[in-house]
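Please report on the pockets of this protein and on one of its helix pairs. Keep it short.

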Amino acid sequence: MADEVTLLDFWASPFGMRVRIALAEKGVKYEYSEQDLRDKSALLLQMNPVYKKIPVLVHRGKPVCESLIIVQYIDDVWRDKAPLLPSDPYERAQSMFWADFIDKKVFEITKKIWTTKGEELEGAKKDFIECLKLLEGELGDRPYFGGENLGYVDVAFVPFYCWFYAYETCGNFSIEAECPKIIAWAKRCMQKESVSKSLEQPKKVYEFVLELRKRFGVD
């Protein structure tokens, strides 16, 4: 039986990009369904009635929600190629810890960079750099968080790279000046087709952020 896979997503979502990367790494063919987040489709509301958010992976008619859970599901279902999570229980737990850290800290802090001004913005920039330095420490001298190969934490974090230009421009700072190892890692990830074809153009993301700033009354 052929795998019937549909991804309900929104083009600029770093969470959706995680799923796109994981599917590309596994070589899974799927139907992409772009969603209007301001006018949510009946399909999205049916497939994710709890959170009513993207991304949602629909596999053989059954929905899987929340990006990190989806990536884990993809890794479990298509096990024969490009493993993302380690088989060792401790290493697996560590990967899940850092992916959770990215969800809880990085996303919330970076949102403040493009939605606030003044002292709150300066505080968000400082907090973001502190997060990146912690991630640099975890990366160490390895090419990827997954070791020699792209892994779960890489997939969780690298989609934010195409938002870096928007953060830097809105916040008037340089991520590379503060955290060169993170930028080197991101560029290494971008050499992989699964990543480069899944991430959006930074300038396009920045234009989208400018629209959001107007909508939120920041500008």
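The lining of the largest pocket divides into 19 nonpolar, four polar and 11 charged residues. Here Ala, Val, Leu, Ile, Met, Phe, Trp, Tyr, Cys and Pro count as nonpolar, Asp, Glu, Lys and Arg as charged, and the others, Gly among them, as polar. The model is predicted; local features need pLDDT of at least 70, side-chain atom pairs count only at pLDDT 80 or more, and totals for chains, interfaces and linings use all residues. Residues are numbered from 1 along each chain as its sequence is written, and side-chain values use heavy atoms, without hydrogens and water.

A pocket is an open set of points on a 1 Å grid over the protein atoms alone, where a 1.4 Å probe fits, with protein on both sides within 12 Å along at least five of seven lines; lining residues have an atom within 4 Å of a point. Volume is the space filled by probe spheres set on the points, which are joined across faces, edges and corners.

| Pocket | Volume | Most lining residues from |
|---|---|---|
| Largest | about 1,100 Å³ | α4, eight residues |

Helices are DSSP runs (H or I, at least four residues), numbered from the N terminus. The second largest pocket has 17 lining residues; Pro86, Ser95, Phe145, Gly146 and Gly147 lie nearest its centre.

α4 also packs against α7 (residues 164–171), at about 45° with axes 8 Å apart. Axes are lines fitted to C-alpha atoms over the stretch in contact, and angles run from 0 to 180 degrees between N-to-C directions. Thr110, Ile113 and Trp114 of α4 meet Tyr167, Cys170 and Gly171 of α7 (contact: heavy atoms within 4.5 Å).

Definitions and conventions. Helices (H or I, at least four residues) and strands (E, at least two) are DSSP runs, numbered from the N terminus.
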